[in-house]
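Look over the sequence and the fold before you read on. Keep both in view as you go.

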Amino acid sequence: MMKQTAEMITTCPCGCTSVHILTTPRARFYCHCTICQAVSRQAYADDCLQLASNVHISDESKIEFRSYKSPPAFSRGICKHCQSPVIAFFSPMPFIRLAFIPSVNYPPAIKLPKSKGHMFYRHRVAEIDDALPKYEGYWSSQLATAAAITRSLFCHRA
Ligand SMILES: [Zn+2]
Ligand SMILES: [Zn+2]
């Protein structure tokens, strides 16, 4: 059977950091939580999801990792030079480690999946007029994320 591979490299805006990715993104989310707002310096973060085992950071010394209390257990990597988000790691359950990579960091030629919706919409700083689902609070956002992750893991497992 043919195994589909799509190797690509994502970079932060200044180009200092790069992440080597072995597969196309599994899912995509918009997150309106206050930390994503602060880290992305946007009204909300637009991230694509990968299994952490499929990503490889080229030079970790260029990235500063920070942990925030809420949402819990996220480790967020920021470029030391341009202060832009590079990658965030999160373990939703034992033995599963996920990587969130800003959609803007992907090469323009890569066709990214359609977003699964707006998470933590309660914290929005701008109303979003689109047809995507809006998840207001912590638990609805967590459940929607978990459902999408589970589906993506079982549907495309290589
Ligand atoms: Zn967030
Ligand atoms: Zn940078």
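This is a predicted model: local features need pLDDT of at least 70, side-chain atom pairs count only at pLDDT 80 or more; totals for chains, interfaces and linings use all residues.

Residues are numbered from 1 along each chain as its sequence is written, while chains are lettered from A and ligands numbered from 1 in the order in which they are written.

**The sheet**

Helices (H or I, at least four residues) and strands (E, at least two) are DSSP runs, numbered from the N terminus. Two strands pair if DSSP finds at least two bridges between them. Three strands form an open sheet in the order β1-β2-β5, and their pairing is antiparallel. β1 (8-11) and β5 (55-57) are the edges; each has a single partner strand, so one side of each has no neighbour in the sheet. On average, neighbouring strands here are turned by 25° against each other, direction ignored. Axes are lines fitted to C-alpha atoms. β1 and β2 (residues 18-21) run antiparallel and are joined by four bridges. In one of them, T11 has S18 of β2 as its bridge partner.

**The core**

A residue is buried if 20 or more other C-beta atoms lie within 10 Å of its own, with C-beta atoms placed from the backbone. A nonpolar core is a set of buried Ala, Val, Leu, Ile, Met, Phe, Trp, Tyr and Cys residues joined through C-beta atoms within 7 Å. The largest one has 30 residues, and C31, L49, I87, F100 and M119 touch the most other members. Elements that each supply at least two residues of this core include β3 (27-31), α1 (34-40) and β4 (45-51).

Two residues are in contact if their C-beta atoms, placed from the backbone, lie within 7 Å. Leaving out residues up to four places away in sequence, L49 touches P25, R26, A27, R28, F29, L98, F100 and I149.

**Two buried residues**

I87 sits in strand β8 (residues 85-93). K116 sits in the loop between β9 (96-102) and β10 (118-119). Why do I87 and K116 count as buried? I87 has 26 other C-beta atoms within 10 Å, and K116 has 21.

| Pair | Residues apart in sequence | C-alpha separation |
|---|---|---|
| K116 and A27 | 89 residues | 7.0 Å |
| I87 and I57 | 30 residues | 8.9 Å |

Beyond four places in sequence, K116 is in contact with A27, R28, F29, A144 and A148. On that basis, I87 touches V19, V55, I57, G77, A99, F100 and I101.

How values were computed. A residue is buried if 20 or more other C-beta atoms lie within 10 Å of its own, exposed if 12 or fewer, and partly exposed in between; C-beta atoms are placed from the backbone. Axes are lines fitted to C-alpha atoms, for helices over the stretch in contact, and angles run from 0 to 180 degrees between N-to-C directions.
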